[in-house]
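Visitor: I would like to go through the pockets of this protein and then the sheet beside them, one question at a time.

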Amino acid sequence: MAGTVRNTATDRPAGPVAFITKGGNIMMNLFKTACAATALLAAAPAVAETLSIAHFVPPQHTLTSAVIDPFIAAAASGGSGLEVNVYPGGELGAGPLEQYVRAVQGVADIVWGLQGYTSSQFTMTMLSELPGVKAADRNGYDILWDAYDAGLLEQEFPATVPLALWLSEPNIFIMKDHDVRTPDDIAGLKIRVSGSAAARVIEALGATPVQMPANEMYNALQTGLIDGIVTGASAVGDFKLDEVANSYTTGPALGQISFYFVMNAARYEGLSDVERAAIDTIKGRPLSKSAEDGWNAAAASVLESVKATGDNTVIELTTDEAAPFDAITAPLGEAIAAEVGGEEVLATMRGQ
């Protein structure tokens, strides 16, 4: 429009605005107004992108303070303006086992889940859950990211960008009406596990593993479907297990649980450079550290709480007392790594 030519001989505009009357400027004024509005729209900032996060636990779960809140803060930093909507409690789809698929299919942009729920997809990652793989002086998130950065786990996370990978606090026995001091005390019992790694541990100790999602543990323990649970102590608070459990045993090497917080890869790549840069400030080890620190802090608080109530049996095995358990579980790392061809992964996780 800026290139319109006027016919000075007849004082009649030519081209696209030739219909304007000689004595009137109404249409020209409207045209100028429209151009000005277009310019203003072009100069206005783009509408902020909104990301969605889906998970299957209540908002008060450790996940919120340890992972979601710091992620939201980082995503909005640096002028990115990214906004985040959180859908807890399975609002975008029931069933914790389908969490990863929801990210791949774009049901949610970001999801949280446990590798153990679909252990066959995460064969190499599951090695991190076995007793003795994580040394006492190493962080769980470091052993996972060391293996991921070495290209040994990337194939287990197709079509997503891992934002955080971490391990829980050490697993403990959470029992109802059964005190566990020796391996013989759980022989023949039904013990809930989260995935294949814990299942192998429980089988080696002579009990029967029962795999189920965390949100089913309460009812299963209350009704006697299971006799106990092997998971981190933080779950006692997150899932109110203290209402149905009455005996806790710490000390034996039972491994830990792995978690992921992943984003749909196409969605991530489709963000602007500024938006991706904001996410990148926390993606990887920083967010993973926040997560793992949160889980460990929650576990410590829970253990103090169950001791203080006075109506629980809390058994804290010494190194010598835990030795019979450890003698059974310690060889599992090498054995399972050999079965799945994960010797290099195991060595990398151990920092060798």
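Predicted model: local features only at pLDDT ≥ 70, side-chain atom pairs only at ≥ 80, totals over all residues.

Visitor: Which elements each supply at least two residues of the lining of the largest pocket?
Guide: By class, the lining of this pocket has eleven nonpolar, six polar and two charged residues. Looking at the lining by element instead, the ones that each supply at least two residues are strand 7 (171-175) and helix 10 (285-308).

Visitor: Which elements give two or more residues to the lining of the second largest pocket?
Guide: About 170 Å³ of space lies in the second largest pocket, and its lining has four nonpolar, five polar and three charged residues. Among the lining residues are Ser234, Val236, Gly237 and Asp238, and also Ala298, Val302, Ser305 and Val306. The elements that give two or more residues to this lining are helix 7 (234-238) and helix 10.

Visitor: Across which strands does helix 10 lie?
Guide: Helix 10 contributes to the lining of the largest pocket, as strand 7 does, and helix 10 also contributes to the lining of the second largest pocket. Its direction is given relative to strand 13, to which helix 10 runs at about 125 degrees. The strands across which helix 10 lies are strand 7, strand 11 (247-250) and strand 13.

Visitor: Why is one side of strand 9 and of strand 13 left without a neighbour in the sheet?
Guide: Six strands form an open sheet with mixed pairing, in the order 9-8-10-7-11-13. Strand 9 (208-211) and strand 13 (313-316) stand at the edges of this sheet, so one side of each has no neighbour, because each of them has a single partner strand.

Visitor: What is the average twist from one strand to the next?
Guide: The order of the strands in the open sheet is 9-8-10-7-11-13, and the twist is taken from one strand to the next. Its average is 25 degrees.

Definitions and conventions
Residues numbered from 1 in each chain as written. Heavy atoms only, no water. Helix = DSSP H or I, 4+ residues; strand = E, 2+ residues; numbered from the N terminus. Nonpolar A, V, L, I, M, F, W, Y, C, P; charged D, E, K, R; others polar. 1 Å grid on protein atoms, 1.4 Å probe; cavity = no way out; pocket = protein on both sides within 12 Å on 5 of 7 lines; lining within 4 Å. Points joined across faces, edges and corners; volume = space filled by probe spheres on them. Pairing = 2+ DSSP bridges. Axes fitted to C-alpha atoms, helices over the stretch in contact; angles between N-to-C directions. Contact = heavy atoms within 4.5 Å.
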